[in-house]
Amino acid sequence: MKLAALVIISAVVSACSGPYGNHLQGEALSNTKQARLVHDSSLVLDAHADIVLPTTSHTYLAAGGESKVSPAKLKAGGVGAVVMSIAVGPGPRTSQGDADARIIADEKLAAIQKLIAENSNELVLSKSVTELELARERGLISIILGLQNARILQGDVTALDQFYASGVRVFGLNHLGHNDFSDSSRPFFNSQTASYEPAQEHGGLSDLGIAAIQRINDLGGIVDISQMSAAASLQAISLSIAPIIASHSNIRAITNVSRNLSDLEIDKIADAGGVINVAAFGAYLVDLSDPITLAAIIQVRVQHGLPEAYSYPYELYWELSDAKAKRAFLTEMRSVIGPGSIVDMLVHIDYIVDRVGIDHVGVGNDFNHGSGVQGFADAADSKNLTAALIEDGYSTADIQKIWGANFLRVMKKAEQLAK
């Protein structure tokens with residue numbers, strides 16, 4: 001990023017306010033007409049958002065409990081496609097625990113199917129690049145389905161076929177905690193034993209995980225390595241015959257948390273033709289390395305009864321006793337690390353581009369699961385990122401690649417290599 005551009009964008013993000021809060025206002029950027037034209041010329045694609053259930057915590061959502069990728073917000077932000085993830089968190093490593101995970105997954109699948117059906121004049125389920133392009137021609141917003149956490153599969157690789165038949169095209173084996181398929185970048189903390197899982201269980205992928213990668217390739221799906229351990233990521237990249245993505249991952253050299261990507265992972269993803277999608281998630285964006293910040297993070301965690309050790313600052317806040325305690329913790333931690341901003345996103349995007357090139361970066365915000373930064377609080381703010389990318393010196397062709405063309409290239413290649 002050019003220093004002058006960084007200063008301009010930073011000042012804009014800090015100064016702007018309006019009906020949506022800390023959003024970039026049109027007159028604050030040098031050429032809003034250009035930004036609008038570039039944005040409208042791009043297939044704006046968000047590579048990761050969570051499906052909302054009635055039980056979803058309102059701390060993850062927009063005002064009034066609204067989804068951050070609601071049809072209205074997608075339309076307002078000029079978003080043409082979003083990967084909605086059928087995601088589950090950790091749970092007991094038992095047959096019943098896995099069955100419970102499958103129940104949640106089925107609920108989320110039903111919820112997104114219902115949302116599409118109720119908004120058929122605006123949304124459509126797209127299962128291929130051709131369907132995405134047709135939807136765009138018709139002025140419809142594409143929903144692409146993703147899956148996150150192989151616990152959902154209940155130890156059965158053939159269950160991938162069932163989800164593929166339902167429309168799932170992006171497959172991530174991990175979330176918080178190891179599972180029977182793969183090691184996670186964030187070992188699970190067991191509150192009953194007050195201890196973490198071992199750093200590695202399988203040394204990367206298990207035999208089930210290897211079989212899953214092969215089956216995803218055979219089906220023509222996209223392998224997603226976000227949340228995997230580094231060893232598992234590198235194995236998946238090596239095994240996959242198609243390019244892979246990190247659907248919502250940032251850069252560890254800038255923000256040293258375990259679920260961000262190392263330089264080696266970045267290089268290998270690019271070598272294989274894949275794409276790293278940067279998330280608008282403050283704790284994965286801002287530099288947490290200075291001793292004062294690190295001490296303040298630990299102090300907040302200890303004061304709220306959480307372990308000093310962590311893989312990212314907010315880890316285990318869900319273990320707190322009630323909603324009031326959770327809100328207090330979130331408020332204090334956010335005041336320590338800051339909310340993050342579009343400027344921080346640009347720093348991560350620039351790092352990827354400088355290291356491996358423009359063809360290997362995208363956007364995957366993780367909305368509805370903690371994401372939202374200053375200037376990019378939800379899908380309605382998507383045009384602000386386009387404006388900031390222009391200020392940062394990116395061309396129209398570059399921005400089109402970042403917003404969706406890179407993802408489509410990977411998706412098309414996965415389709416071509418399917419058996």
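A residue is called buried when its relative accessible area is under 20%, exposed when that area is over 50%, and partly exposed in between (1.4 Å probe, protein chains only). Helices (H or I, at least four residues) and strands (E, at least two) are DSSP runs, numbered from the N terminus. This is a predicted model, in which local features need pLDDT of at least 70 and side-chain atom pairs count only at pLDDT 80 or more, while totals for chains, interfaces and linings use all residues. Residues are numbered from 1 along each chain as its sequence is written, and side-chain values use heavy atoms, with hydrogens and water left out.

Let's begin with helix α12, which covers residues 342–356. Its 15 residues reach 21 Å from the first C-alpha to the last, close to the 21 Å expected, where the expected span is 1.5 Å times one less than the number of residues. The helix is mostly covered, with eleven of its 15 residues buried; among them are Ile 342, Met 345, Leu 346, Ile 349 and Val 353, but also Asp 344, His 348 and Asp 350. Just after the helix, Gly 357 takes a positive phi of about 105°.

A nonpolar core here is a set of buried Ala, Val, Leu, Ile, Met, Phe, Trp, Tyr and Cys residues joined through side-chain atoms within 4.5 Å. The largest has 79 residues, of which Phe 163, Ile 225, Met 345, Phe 376 and Leu 385 touch the most other members. Helix α12 gives the most to this core, with seven residues. Leaving aside neighbours within four places in sequence, Leu 385 is in contact (heavy atoms within 4.5 Å) with Ile 342, Met 345, Leu 346, Val 363, Phe 376 and Trp 403. A second, separate core of 22 residues includes Ala 283, Ile 297, Tyr 317 and Met 333.

Now for the charges. A salt bridge is a side-chain nitrogen of Lys or Arg within 4 Å of a carboxyl oxygen of Asp or Glu, and the whole structure has 13 of them. One joins Asp 267 to Arg 355 at 2.7 Å, N to O. Asp 267 lies in helix α9 (residues 263–271) and Arg 355 in α12, so the pair ties together parts that are 88 residues apart in sequence. Elsewhere, Arg 93, Asp 180, Glu 197 and Glu 201 are linked in a network of salt bridges.

Finally, look at the rings. Rings of Phe, Tyr and Trp (its six-membered ring) pair if their centres lie within 6.5 Å; planes under 30 degrees apart count as stacked, over 60 as edge-to-face and the rest as tilted. There are seven aromatic pairs by this rule. Tyr 284 and Tyr 312 make a tilted one, at 5.4 Å centre to centre and 50° between the planes. For Tyr 317 and Phe 329, the centres are 6.3 Å apart and the planes at 5°, so this pair is stacked.
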